[in-house]
Amino acid sequence: MATVELVMPKMGESIMEATILRWHKKPGDKVKVDETVLEIATDKVDSEVPSIAEGEITEILFNENDVVPVGTVIARVQTEAGAAVAASPATAPAAPAKPAPAETQFQSVPAPAPAKAETPAVQPSGEPRFYSPLVLTIAQQEGISFAELEKIPGSGADGRVSKRDILDYIANRGQQVQEPEVIREEPKAAPAREEARVSREVTTVAASNSYGNNVEIIEMDRMRKLIAEHMVRSKATSPHVTSFAEADVTNMVRWRDSVKKDFEKREGEKITFMPLFVEAVVKCIKRFPLVNCSLDGDKIILKKDINIGMATALPSGNLIVPVIRNADTLNLVGLTKQVNSLANAARQNRLKPEDTQNGTFTITNVGTFGSLTGTPIINQPQVAILAVGAIKKRPVVVETEQGDSIAIRHMMYLSMSYDHRIVDGSLGSTFLSAVATELENFDPAKEY
């Protein structure tokens, strides 16, 4: 027999942890290869984790709703295929000592693991610790200096500080600030503490009563909390600037109206405006590649792949951003199939983790909901996001060789928010104008 360890999978380059939503198996249950063992969630997508071996579940090391770093052993499967896992028998005897303390998630040495968890603040290698953007943002908001951050014990790989670590530290830090008051002179310390306690109670009561009586309090669901955190972090990370443009998309609207029935009959897919938007954006990114990058400290990471994310509404009202990979290699039919497939998978909760990873530029169609325009928030770690508004018929001045005239045209507003650390006003406005021009110059005789 051999023991196979099931670990928390890596869900993307920026994903360092995931939440266990539900276990489908319990200790003693039989499991087959690729059979779902548990469901997990990240700030990107919910996903099922399959078994990598056939056998019996012997141990489950974390509970539902636990937040677990990627790479951590979360369960063990005992299998008859001894030859499949050569090293497992050697590690199996040490297993009982490992799962007891949940805080030692990343420790792979069985016996000393609990002791190591007490002293992870100092890097064993002496090298500077890596801090995720989220941890640095929380530290900045809470007034934690870098020197103080270095002293926080980390439960992650190589002593890395996770979100839970810094939040636990902040909670204990608040308690520690009050400790010195007990050491001071008794006559003054007690009234001060009592006054502070009463003040906190009054504030809490006032806050709870401030809603009034005729209200309904709704708790955020998990995805809404993650979206809120992602949006706040994006605004804290990137200085946002938004530019606006207007496009006459009459030719594009008329072309779609003329081909949509034949397109669906021939390709088995309904053609929407989104593939046409993606096609125009891809052409402009090739001309202005700097909008297809990310920032790592003072390094600009220019992406050679053009992976377009498209914001999609879920039945719950939340948004998710599936990604069309290598959009520059797809023709209009391919883009249409990808757009429809990803949109349907999102609405039916069938997106895979890889479907939302590695986007380099995002498009959000606020016009779907009737909005003329919007000021979208950048989808980190990207540096730009384009919003397309509702297409409306309006009277506009049309310039012709015979002179100006007023005509009814299909008009649309576009807006683009961009990270001003990388994309300045000149580039941002030029790129947006190029997209608008691309849409205006749509070929009414286009073949697909």
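User: What share of the contacts in the protein chain with a separation of 6 or more comes from residues 24 or more positions apart?
Analyst: The share is 63%. Contact means heavy atoms within 4.5 Å. The model is a predicted one, where local features need pLDDT of at least 70 and side-chain atom pairs count only at pLDDT 80 or more, while totals for chains, interfaces and linings use all residues. Residues are numbered from 1 along each chain as its sequence is written, and side-chain values use heavy atoms, with hydrogens and water left out.

User: How many helices and strands are there in the protein chain?
Analyst: There are 12 helices and 19 strands. Both are DSSP runs, numbered from the N terminus: helices are H or I with at least four residues, strands are E with at least two.

User: What makes S1 and S3 edge strands?
Analyst: Strand S1 (2–7) and strand S3 (30–31) each pair on one side only. They belong to an open sheet of four strands, in the order S1-S8-S6-S3, with antiparallel pairing. Two strands pair if DSSP finds at least two bridges between them. S1 and strand S8 (residues 73–79) are joined by six bridges and run antiparallel. In S8, Val77 stands opposite Val4.

User: Why is Cys284 called buried?
Analyst: Buried means under 20% relative accessible area, exposed over 50%, and partly exposed in between (1.4 Å probe, protein chains only). Cys284 has 0% relative accessibility, so Cys284 counts as buried. Cys293 is at 2%, so that residue counts as buried too. Of the 448 residues of the protein chain, 41% count as buried.

User: How many disulfides are counted?
Analyst: The count is zero. A disulfide is a pair of cysteine sulfur atoms within 2.5 Å.

User: Why is helix H10 said to be largely enclosed by the rest of the structure?
Analyst: Because 11 of its 14 residues are buried. Among them are Met274, Phe277, Val282 and Ile285. Helix H10 (residues 274–287) reaches 20 Å from its first C-alpha to its last, close to the 20 Å expected at 1.5 Å a residue. The expected span is 1.5 Å times one less than the number of residues.

User: How do you know that the span of helix H9 agrees with its 18 residues?
Analyst: Helix H9 (residues 250–267) should span 26 Å; its end C-alpha atoms are 24 Å apart, so the span agrees.

User: Where does H9 bend?
Analyst: H9 bends by about 50° at Val259. The bend is the angle between axes fitted to the seven residues ending there and the seven starting there. Val259 is also one of the buried residues of H9, which include Trp255 and Phe263. The cover over the buried residues of H9 includes H10, helix H11 (332–347) and helix H12 (425–440). Just after H9, Gly268 takes a positive phi of about 70°.

User: Why is Asn307 called buried?
Analyst: Its relative accessibility is 5%, so Asn307 counts as buried. Asn307 lies in the loop between strand S11 (299–302) and strand S12 (308–310). Leaving aside neighbours within four places in sequence, its contacts include Val323, Arg325, Asn358 and Phe361.

User: What makes Ser294 buried?
Analyst: Ser294 is at 8% relative accessibility, so Ser294 counts as buried. Ser294 is found in strand S10 (residues 293–296). Not counting residues up to four places away in sequence, Ser294 touches Lys299, Ile301 and Pro381, among others.
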